[in-house]
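Okay, thanks for coming, everyone. I've got one protein to walk you through today, so let me put it on the screen.

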Amino acid sequence: MTLYKIFPNLYSLTLSFCGFEFKGFEILMKTLQYIRKLEILNVSGNRLKSKHFDSLKSYFGFIGIRNLNISKCHLCDEATFELGLCMEQNVSIKKLNISDNEITDDGFRSFSILFYKNIVIEYFDFSSNFITDAGIKELIKSLEINTTLKSINLYDNQIHN
């Protein structure tokens, strides 16, 4: 029996520090498109370190999640770039937490560019990564256009000016 048949009214799902890797996350995302009432997904602390997020693009257009936490998942720049492309399909995620990963200015730029287009995300947590002043420049430009973002957390990065 599948997850969506067992829990048709599931609202929040936390699978933090469960030890699964990207393949498990991919299977989870395929299943979640059928759980229409799920609004909160927390998969923090798993090893999603992958550059294959592009395989998930279509699911991001169908899931109804409003709050996604993928902090502490060992995401690198390549994974962040692909995740940014997935988020272009996003029609529901308002709160995104990708804090405490291994993301530098290069990976951060994909999200800065995303904010030129994305009109859904309101709260963005990018704390405890490796962002510098150089990485923030593109974000500042996108914020001149974006009217949706209400809160951005960049705590514990290497931003000085």
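**Two helices side by side**

Let's start with a pair of helices: the axes of α5, residues 105-117, and α6, residues 133-143, come within 8 Å of each other and cross at roughly 5°. Anything under 35 degrees counts as roughly parallel, so α5 and α6 are roughly parallel to each other. Before I go on, keep in mind that this is a predicted model.

Which residues of α5 and α6 meet? On the α5 side we have Asp-105, Phe-108, Arg-109, Ser-112, Ile-113, Phe-115 and Tyr-116. Facing them from α6 are Ala-134, Gly-135, Ile-136, Glu-138, Leu-139, Lys-141 and Ser-142.

**Stepping back to the whole chain**

Now the overall layout. The protein has six helices and six strands, and if you follow the chain from the N terminus, the elements run α-β-α-β-α-β-α-β-α-β-α-β.

What do the strands do? Six of them form an open sheet, in the order β1-β2-β3-β4-β5-β6, with parallel pairing. At the edges sit β1 (12-14) and β6 (151-153), and each of those pairs on one side only. The twist from one strand to the next averages 0°. As a reminder, strands of a sheet pair through backbone hydrogen bonds, either parallel or antiparallel.

Let's zoom in on one of those pairings. β1 and β2 (residues 40-42) run parallel and are joined by three bridges.

A few numbers for the whole thing. For 161 residues, a compact globule would have a radius of gyration near 15 Å, and this protein has 15 Å, so the two agree. Taken along the principal axes, the C-alpha atoms fill a box of roughly 55 × 30 × 25 Å. Buried residues account for 47% of the 161. The accessible surface comes to about 8200 Å², and 53% of that belongs to carbon and sulfur atoms. And if you take contacts between residues at least 6 apart in sequence, 86% of them join residues at least 24 apart.

**A few loop residues**

Glu-102 sits in the loop between β4 (95-97) and α5. Is Glu-102 buried, exposed or partly exposed? Its relative accessibility is 32%, so Glu-102 counts as partly exposed. Who does Glu-102 touch, leaving out residues up to four places away in sequence? That list is Lys-49, His-74, Leu-75, Cys-76, Asp-77, Asn-129 and Phe-130. Compare that with Ile-119: it's 17 residues from Glu-102 along the chain, and their C-alpha atoms are separated by 26 Å.

You'll find His-74 in the loop between β3 and α4, and it has a positive phi of about 60° although it is not a glycine. With 26% relative accessibility, His-74 counts as partly exposed.

Then there's Lys-72, in the loop between β3 (67-69) and α4 (77-87). Lys-72 is another residue other than glycine with a positive phi, near 55°. Lys-72 has a relative accessible area of 39%, so it is partly exposed.

Notes
Residues numbered from 1 in each chain as written. Predicted model: local features only at pLDDT ≥ 70, side-chain atom pairs only at ≥ 80, totals over all residues. Heavy atoms only, no water. Pairing = 2+ DSSP bridges. Helix = DSSP H or I, 4+ residues; strand = E, 2+ residues; numbered from the N terminus. Axes fitted to C-alpha atoms, helices over the stretch in contact; angles between N-to-C directions. Rg over C-alpha atoms; globule rule 2.2 N^0.38 Å. Buried < 20%, exposed > 50% of the residue type's maximum accessible area, 1.4 Å probe, protein only. Contact = heavy atoms within 4.5 Å. Areas by Shrake-Rupley, 256 points an atom, 1.4 Å probe, with all protein chains shown as cover. Parallel < 35°, antiparallel > 145°, perpendicular 65-115°, else oblique.
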